[in-house]
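Reader: I am new to this one, could you walk me through it?
Author: Gladly, and here it is to look at while we talk.

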Amino acid sequence: MGKNRRLVIRVDDRTSMLLSELSDITGTNTSVIVRGMIMRCVEELIDKSGNWRINNEKNKDRKD
């Protein structure tokens with residue numbers, strides 16, 4: 001993998017509070033939790049061969 005890249009995002013107050021609570025409960029930095037959640041979500045969107053499931057679902061509905 002390449003260099004890490006910093007990405008700035010905005011979340012609402014409730015999401016920030018929940019992430020902070022989870023961080024306190026787990027003793028883990030909030031950024032570690034967010035990175036883990038992002039990777040989990042991305043993995044759910046990719047099939048076993050590494051293709052995006054979303055594109056595959058769109059292609060199924062397409063009439064050639």
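Author: What follows is a short chat about the helices, the surface, a pocket and a charged pair.

Reader: Before we start, what kind of model is this?
Author: This is a predicted model, where local features need pLDDT of at least 70, side-chain atom pairs count only at pLDDT 80 or more, and totals for chains, interfaces and linings use all residues. Residues are numbered from 1 along each chain as its sequence is written, and side-chain values use heavy atoms, with hydrogens and water left out.

Reader: How many helices and strands does the chain have?
Author: The chain has three helices and zero strands, with helices (H or I) being DSSP runs of at least four residues and strands (E) of at least two, numbered from the N terminus.

Reader: And how much of the chain is buried?
Author: Of the 64 residues in the chain, 8% are buried, where buried means under 20% relative accessible area, exposed over 50% and partly exposed in between, with a 1.4 Å probe and protein chains only.

Reader: Is Ile9 buried or exposed?
Author: Ile9 counts as exposed because its relative accessibility is 53%, and its place is in the segment before α1 (13-26).

Reader: OK, new topic: how much space lies in the largest pocket?
Author: The largest pocket holds about 670 Å³ of space, a volume being the space filled by probe spheres set on grid points that are joined across faces, edges and corners. A pocket here is an open set of points on a 1 Å grid over the protein atoms alone, where a 1.4 Å probe fits, with protein on both sides within 12 Å along at least five of seven lines, and lining residues have an atom within 4 Å of a point.

Reader: Which residues lie nearest its centre?
Author: Among the 16 residues lining the largest pocket, Arg5, Leu7, Val34, Arg35 and Ile38 lie nearest its centre, while helix α2 (residues 30-45) gives the largest share of the lining, six residues.

Reader: Last one, which residue forms a salt bridge with Glu44?
Author: That partner is Arg40, with the closest N and O atoms 3.9 Å apart, and a salt bridge means a side-chain nitrogen of Lys or Arg within 4 Å of a carboxyl oxygen of Asp or Glu. Arg40 and Glu44 both lie in helix α2, four residues apart, or about one turn of the helix, and both are exposed.
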